[in-house]
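Please read the following account alongside the sequence and the model. It goes from one annotated region to the domains, then to the contact between the chains, and ends with a few local details.

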Amino acid sequence: MARFIAGRLLKAIVILICITILNFFLIHAAPGDPAAVMAGEAGETDAVFLQQLRERFGLDQPLYMQLFIYLKSVVQLDLGYSYRQQFPVLDLIADRLPATLLLSLSAFVISLGLGILAGAVASARQGRWSDTLISMVALIFYATPLFWLALMAVLLFSVQLGWLPGFGYETVGAGYTGIARALDILSHLVLPALTLGLFFMAVYVRMTRASMLEVNTMDFVKTAKAKGLRPGVIQRRHVLRNALLPVVTLAGLQAGQLVGGAVLIETVFAWPGIGRLMFEALSQRDYNLLLGVFVISAAMVLLFNLITDVLYRVVDPRIRVTS
Amino acid sequence: MRRLLSTSFAIILMAGAAFAAPSAGGKVNLIVQPEPPSLMIGITTNAPALAVGGNIYESLLRYDEKLQPMPSLAKSWDISPDGLTYTFKLQDNVKFHDGKPMTSADVLFTVNDFLMKTQPRHRNTMARVESVSAPDDKTVIFKLKQPFEPFIRSFAFGSQPIVPKHVYEGTDYTTNPANEKPIGTGPFKFVEWKKGSYIKLEKNKDYYLDGKPYLDELIYQIIPDGASRAVAFETGKIDILPGGSVENFDIPRLTALPNTCTTEKGWEYFAPLSWLWLNNRTAPMDNPKFRQAIMYAMDREFAKDVLWNGYGKVATSPFSSKLPFYSEQEPQYAFDPAKAKALLKEIGYDGKPLKLLPLPYGETWQRWAEAVKQNLGDVGIPVEIESTDVAGWNQRTANWDYDIAFTFLYQNGDPAIGVERNYKTTQISKGSPWNNVEGYSNADVDKMFDDAAVAYPAAERQKIYDKLQAKIMEDVPVAWLLELGFPTIYNCKFKDIVTTANGLAESMRDAYIEK
């Protein structure tokens, strides 16, 4: 097991470096550079000004030198400086990380928990009205664009009913502390976490239901029935456990998106997370910041792939993890 | 009787409101969009930075809606009869936010050192200045090489914010830690910036004007999505939506809300004017008659009424009508497709399709591009829309890689500062989207711009600018669209939120909540 993990980690590092190089060239292939964007925003510029900016950002160097300098600093775990915000990239990302993790982990838990539960219920009541209802709702959430759902949720719960705040991370200037602050953040979290979770919840529902139905027809389930186990126990201990494998695969995919996967939701709800940071960095051609977010996201995907592979073994001991 | 009573009651109430002294206290939630890169407006001069930084930093003068100077850090000023010497007397008891007094030494440092390194526009202005001196702590004297009438309008906070010498002298200005926690003399002090969420400023209790500012706190919320900003105003979480912070199609819905006021004021200094860059270097745009045909083909009243909800004004000159020296000269180009077609026929236009680059600033601009495409298509000019993002737009316009491109530019208070950069031959230079991007070159026009800049007094400048506007209107180097109107939408309980030509950015010191 330890050898397996070590081998995979080594591979992951090589892949990460390849991804970084690829991203570097992709970003530089886009038209414009951060100096031009900043000069453009200022509404006026001259050659001196542009030259100053490019020198300050190191953009006057040849591209291969820029790549070399960047890789060298990444290997030293330094993601460089954001041109635009005049701040170390790692600090900027670390600053946004708590909000992002809070949002995406809540969405993860909600979607996984509700998804498996509803999927299990639907499969147990196959063909009945509750199954139809669950499947239909799941299909609707699966097919609806996230940002539209988000806007509708704001219109209903925030504008019409006034139950929940429609944007932001907490009430600015309210001066809450302790539990009051936690509750305040929680109330801001409900809408974005729910809307973000809905899509994956729908996927889990459909996946769990289909997979459990398939397992239901297998011989060992018949055996369990024949030896007189109660239906609840059969579903929980035999069917669900065997049906979870594809769900774990998907959960691994979703977990990989924990850091940078909520651009739309963070934008609509003005949630100060990393997805937005990445999107803004892209439109401002803030190369270092954008690459930094990419590096972290890629590392997360690789990490969760590894965790998923290990989890397979826990869920289904028949699988031999080998390197 | 009852009606009469309520009427007289209303009159009494109104009279009461008019004479009541502004009350102190309260906070205001505004939008800043997009999130500024920095608040140090001596270095970063984009619109969102100025919108917040204008409360933190001040300059020598402010300007009223006619662009006439008003006192700010200078309490009085004097221009010698020959137009060469400008003497400013500074206010008493002005302190920076760190408690140190602001004196003429700070002004000298700002104009001679700091801004010379950081701001292109300041370098241009200072090229006309012979010397700056400070005979005492409270006096600053600018001596010009030759008369330059627009000089009196170049002391706005966006062009010349006074920065603290004791903080910046001898340091690298762009990396000084004070840029993170800006120190100015303004009515509000920087408190906190939660990146991605909000920027908080608080009342400067040591402000040199007694009783001001009235508000305790300014909170600039950062909400990246336009629809969410509109909702935030609807739900009362936001009190003031500065011009341009919501999509135009949301404006009628928001202005119809109870207790909601709007104003178009506060944009007189910038006076944003929109036009289409026409690439004068390539056929058929190299032919003035083709360019005139484009002017006749466009239904600009429609664009104003439908896309801009009636805000703004159809452009009638290369100068915005809010600018000094504006005058309406012939020829004018009313919507006249028949005339456009006749012109195209006369020059034998072959129907070559043209590429149109919309401005990537949201839905309104996209729709406007579609309207122009249809207008031009109707007279027989096939147009293809090519969309790109902001960086791509910058890159393509700055490198002249377009046929027709949307843009709008600030006019910055004077034709010699904000207008001539788009038409003079010397302003043709790759790499900037804000100079003579269309490549128009006319020796007469160049000379008139040069003469008008240094003619003195103002009446002499007016004569030249009249002729100049007529000449440019005839040549149509670019196709002017609208003087843009960006209405500020706000909760009516806030009063005096726009008291200068620079709008919200420097008016919050006068704003108060009506009790």
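Predicted model: local features only at pLDDT ≥ 70, side-chain atom pairs only at ≥ 80, totals over all residues.

Residues are numbered from 1 along each chain as its sequence is written, and chains are lettered from A and ligands numbered from 1 in the order in which they are written.

The domain assignment divides chain A into domain 1 (2-89) and domain 2 (98-315), with bounds that come from an automatic or database domain assignment. The C-alpha centres of these two domains of chain A lie 32 Å apart, and 24 residues of domain 1 of chain A are in contact with 15 residues of domain 2 of chain A, where contact means that the C-beta atoms of two residues, placed from the backbone, lie within 7 Å. On the domain 1 side of this contact in chain A, at least two residues each come from α1 (2-29), α2 (34-42), α4 (63-75) and β1 (81-82), and α1(A) gives the most, with 10 residues. By class, that side has 16 nonpolar, 5 polar and 3 charged residues; Ala, Val, Leu, Ile, Met, Phe, Trp, Tyr, Cys and Pro count as nonpolar, Asp, Glu, Lys and Arg as charged, and the others, Gly among them, as polar.

Chain B comes to 16 helices and 21 strands. Its radius of gyration of 24 Å agrees with the value near 24 Å that a compact globule of 515 residues would have, the radius being taken over C-alpha atoms and the globule rule being 2.2 Å times the number of residues to the power 0.38. Of the 515 residues of chain B, 49% count as buried; a residue is buried if 20 or more other C-beta atoms, placed from the backbone, lie within 10 Å of its own, exposed if 12 or fewer do, and partly exposed in between. Chain B is divided into domain 1 (27-37 + 186-266 + 487-513), domain 2 (60-166) and domain 3 (273-483). The C-alpha centres of domain 1 and domain 3 of chain B are separated by 32 Å, and their contact takes 7 residues from each of these two domains of chain B. In an unreviewed entry, UniProt lists residues 69-418 of chain B for "domain: Solute-binding protein family", and over these residues chain B is 28% helix and 21% strand.

How many residues does each chain give to the contact between them? Chain A gives 41 residues and chain B gives 40. The elements that supply two or more residues to the chain A side include α2, α3 (47-57) and α5 (89-124) of chain A, and α2(A) gives the most, with 6 residues. That side of chain A has 20 nonpolar, 12 polar and 9 charged residues.

Helix α12 (residues 390-398) of chain B is mostly covered, with 7 of its 9 residues buried, among them Trp393(B) and Asn394(B). The buried residues of α12(B) pack against α2 and α12 of chain A, together with β13 (273-278), β15 (354-357) and β17 (404-409) of chain B. Just after α12(B), Trp400(B) takes a positive phi of about 60°.

Gln427(B) counts as partly exposed because it has 18 C-beta neighbours inside 10 Å. Leaving aside neighbours within four places in sequence, Gln427(B) is in contact with Arg421(B), Asn422(B), Asn435(B) and Asn436(B).

Key. Helix = DSSP H or I, 4+ residues; strand = E, 2+ residues; numbered from the N terminus. UniProt positions renumbered as here; feature names shortened; annotations may be inferred.
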